[in-house]
Amino acid sequence: MAERLLHIKASPRGSLSRSAMVASRLLARLQETDVEPLDLFDADLPPFGGAVIEGRYALLSGQPVAEDAAADWQRIEGMVAHFLSFDTWLFSTPMWNFGIPYRLKHYIDLLTQPGLAFSADAGGNVIGHAVGRTAIIIAAGALDTRPESALGSLDHQAAYLEAWLSFLGATNIHVIRVMPTFGEAAVVDRAMETAYAEADALARRLSRPSRV
Ligand SMILES: Cc1cc2nc3c(=O)[nH]c(=O)nc-3n(C[C@H](O)[C@H](O)[C@H](O)COP(=O)(O)O)c2cc1C
């Protein structure tokens, strides 16, 4: 059976997006994968505040969500179920002000709900509901914020996404950085070529048939 992959696009730049260009390259080379795109700048994300937030506190204390937030919570439940129904998530995202674009943070805030995306055992340990999933992060940035670089401490983009996915229980997480995307043409071209090569290598690894 084909794997199902959700491509979560966090750049509003359409075909100009460098993170999306590298994602397209990876997807073109992945075998036996059904891809569903989710463009977060076009998506209808419900507001997450007021009574809806109180619903979250109710759930955390083991209470039902209040009547006035029930319809919103039903929608959130549907979003989490949709997200968790995929084998693989591909995030293509720019760095914005050292972190992720607000639409991606909004999506993450909607998804990360107690009892839906994670729960706690009797000892209070968090159990994420994403165990067994594969996550791929394609992270573009004007600056080179790879962990080993001089600016590595400014990375609240890929590092944040990795931390969040780990919280949800995912252990199979791959990161491709597309950076620096600002500077001399030759430097930017090299960054793109490196990212494309990493995408090709990852597609080969993920397309390899598993042993039976
Ligand atoms: C609002 C905004 C904030 C940005 N902040 C950063 C930043 O903090 N660090 C950085 O390296 N690049 C930053 N950039 C540059 C983008 O990360 C960079 O152009 C990236 O290649 C864009 O990826 P995309 O083409 O996939 O959208 C910012 C760009 C925008 C539009």
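Arg177 and Asp155 are both buried in this predicted model. Their side chains meet in a salt bridge, with an N to O distance of 3.4 Å. Arg177 belongs to strand E7 (residues 172–178), whereas Asp155 sits in the loop between strand E6 (134–140) and H5, so this contact ties together parts that are 22 residues apart in sequence.

**Other salt bridges**

Over the whole structure, the search returns six salt bridges.

| Pair | N to O distance |
|---|---|
| Lys105 and Asp109 | 2.9 Å |
| Asp144 and Arg146 | 3.1 Å |
| Arg177 and Asp155 | 3.4 Å |

Lys105 and Asp109 both lie in helix H4, four residues apart, which puts about one helical turn between them. Lys105 has a relative accessible area of 32% and is partly exposed. Asp109 is also partly exposed, with a relative accessible area of 28%.

Asp144 counts as partly exposed, at 26% relative accessibility. Arg146 has a relative accessible area of 16%; because buried means under 20%, Arg146 is classed as buried.

Arg25, Arg29 and Asp200 are joined in a network of salt bridges.

**Aromatic contacts**

A pair of aromatic rings is described by the distance of the centres and the angle of the planes. The search of the whole structure gives eight aromatic pairs. One of them is formed by Phe83 and Tyr107: the rings are edge-to-face, 6.1 Å centre to centre, with 80° between the planes. Phe83 is in helix H3 (residues 70–84) and Tyr107 is in helix H4, so their contact ties together parts that are 24 residues apart in sequence. Both Phe83 and Tyr107 are buried.

Phe83 also pairs with Trp164. Here the ring centres are 5.9 Å apart and the planes stand at 40°, so the pair is tilted. Trp164 is in helix H5 (residues 158–167) and Phe83 in helix H3, so this pair ties together parts that are 81 residues apart in sequence. Trp164 is buried, as is Phe83.

These residues belong to one aromatic cluster, made up of Phe83, Trp89, Phe91, Tyr107 and Trp164.

Another ring, that of Phe86, takes part in a contact with a charge. The charged end of Arg4 sits over this ring, 4.1 Å from its centre.

**Surface patch**

On the surface, Phe98, Leu143 and Leu151 make up a nonpolar patch; together they have about 240 Å² of accessible area. Phe98 is found in the loop between strand E3 (88–94) and helix H4 (102–111). Its relative accessibility is 37%, and Phe98 therefore counts as partly exposed.

**Annotated span**

UniProt lists residues 4–201 under "domain: Flavodoxin-like fold", in an unreviewed entry. In the model, the span of residues 4–201 is 38% helix and 20% strand, and its end C-alpha atoms lie 20 Å apart.

Technical notes
Residues numbered from 1 in each chain as written. Predicted model: local features only at pLDDT ≥ 70, side-chain atom pairs only at ≥ 80, totals over all residues. Heavy atoms only, no water. Patch = residues over 30% accessible without salt bridge, like charges linked within 9 Å, V, L, I, M, F, W, Y side chains within 5 Å. Areas by Shrake-Rupley, 256 points an atom, 1.4 Å probe, with all protein chains shown as cover. Salt bridge = Lys/Arg side-chain N within 4 Å of Asp/Glu carboxyl O. Helix = DSSP H or I, 4+ residues; strand = E, 2+ residues; numbered from the N terminus. Buried < 20%, exposed > 50% of the residue type's maximum accessible area, 1.4 Å probe, protein only. UniProt positions renumbered as here; feature names shortened; annotations may be inferred. Phe/Tyr/Trp six-rings, centres within 6.5 Å; stacked < 30°, edge-to-face > 60°. Lys NZ or Arg CZ within 6 Å of the ring centre and 35° of its normal.
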